[in-house]
Amino acid sequence: MSGTSATTVHTSIVVNAPIERAFAVFTEQFGRFKPPEHNMLGVDIAETVFEPRVGGALYDRGVDGSECRWARVLAYEPPVRVLLSWDISPQWQPETDPNRASEWEVRFTAETPERTRVEIEHRHLDRHGEGWEGTAEGVGGDQGWPLYLRRYAAVIDDAA
């Protein structure tokens with residue numbers, strides 16, 4: 001399920017995992033479900049790193065050792081919530097000005113002891129300035145957050 005309202009994109013999925021596992025897979029195995037073609041490096045991605053702490057980063061490391069930091073961890077509250085910046089411009093390049101970054105919150109809610117709802121709210125997209133509507137379409141479209149969540153659910157199912 002996904003939707004867009006003004007400057008916010010909402011996407012969610014229910015996975016077959018307890019909340020602690022759902023959170024751990026999302027934060028510890030992000031690189032397993034991040035599409036490799038979502039790459040701002042000039043080389044293939046060797047790994048995607050999610051630093052699990054406030055002040056940490058989410059970044060891709062290239063096969064040549066280069067790095068592209070594209071998110072900052074703003075809140076880290078296992079197993080219920082993580083909040084990150086979106087440091088990617090409407091031109092799909094790294095954004096270095098934190099005032100021109102949107103943010104995406106991932107919330108984990110136990111529906112049963114073995115099922116967890118995972119919701120992504122990507123908000124303040126207008127902070128990116130001119131062209132922000134294209135960013136909203138990109139993250140809200142089929143190749144954006146919905147793709148990430150489908151791939152994430154497949155990783156959860158593979159490990160079951």
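**Group meeting: salt bridges and fold of a predicted model**

Let's start with a pair. Glu67 and Arg69 form a salt bridge, with their closest N and O atoms 3.5 Å apart. By salt bridge I mean a side-chain nitrogen of Lys or Arg within 4 Å of a carboxyl oxygen of Asp or Glu. Glu67 is partly exposed, at 37% relative accessible area. Arg69 is partly exposed too, at 42%. The cut-offs: buried is under 20% relative accessible area, exposed is over 50%, and partly exposed is in between, with a 1.4 Å probe and protein chains only.

A word on the source. This is a predicted model, in which local features need pLDDT of at least 70 and side-chain atom pairs count only at pLDDT 80 or more, while totals for chains, interfaces and linings use all residues. Residues are numbered from 1 along each chain as its sequence is written, and side-chain values use heavy atoms, leaving out hydrogens and water.

Next pair. Arg123 forms a salt bridge with Glu103, and here the closest N and O atoms are 2.8 Å apart. This pair links distant parts of the chain: Arg123 sits in strand 8 (residues 115-123), Glu103 in strand 7 (residues 102-112), 20 residues apart. Buried or exposed, Arg123 and Glu103? Both are buried.

Third pair. Arg107 and Glu105 meet through their side chains in a salt bridge, 3.2 Å from N to O. Arg107 is partly exposed, with a relative accessible area of 23%. Glu105 counts as buried because its relative accessibility is 9%.

Which residues are linked in a network of salt bridges? Glu77, Arg81, Glu103, Glu105, Arg107, Glu121, Arg123 and Arg127. The count of salt bridges comes to 17.

Now the fold. The chain has four helices and eight strands. Both are DSSP runs numbered from the N terminus: helices are H or I with at least four residues, strands are E with at least two. In sequence order the pattern reads β-β-α-α-β-β-β-β-β-β-α-α.

Overall dimensions. The C-alpha trace spans about 45 × 40 × 30 Å along its principal axes. A compact globule of 160 residues would have a radius of gyration near 15 Å, and the chain agrees, at 15 Å. That radius is taken over C-alpha atoms, and the globule rule is 2.2 Å times the number of residues to the power 0.38. Of the 160 residues, 47% count as buried.

On to Phe30. Phe30 lies in helix 2 (residues 30-33). Phe30 counts as buried because its relative accessibility is 1%. What is Phe30 in contact with, leaving aside neighbours within four places in sequence? Val25, Thr48, Phe50, Leu58, Trp70, Trp104 and Tyr148. Contact here means heavy atoms within 4.5 Å. Across the chain, among contacts with a separation of 6 or more, residues 24 or more positions apart account for 51%.

Last, some backbone points to look at. Pro78 and Pro79 are joined by a cis peptide bond, with omega about -5°. Pro79 is in the loop between strand 5 (67-77) and strand 6 (81-86). Trp92 is not a glycine, yet its phi is positive, near 60°. Trp92 lies in the loop between strand 6 and strand 7, and is partly exposed at 36% relative accessible area. His124 also has a positive phi, about 60°, without being a glycine. Its place is the loop between strand 8 and helix 3 (132-140). At 29% relative accessibility, His124 is partly exposed.
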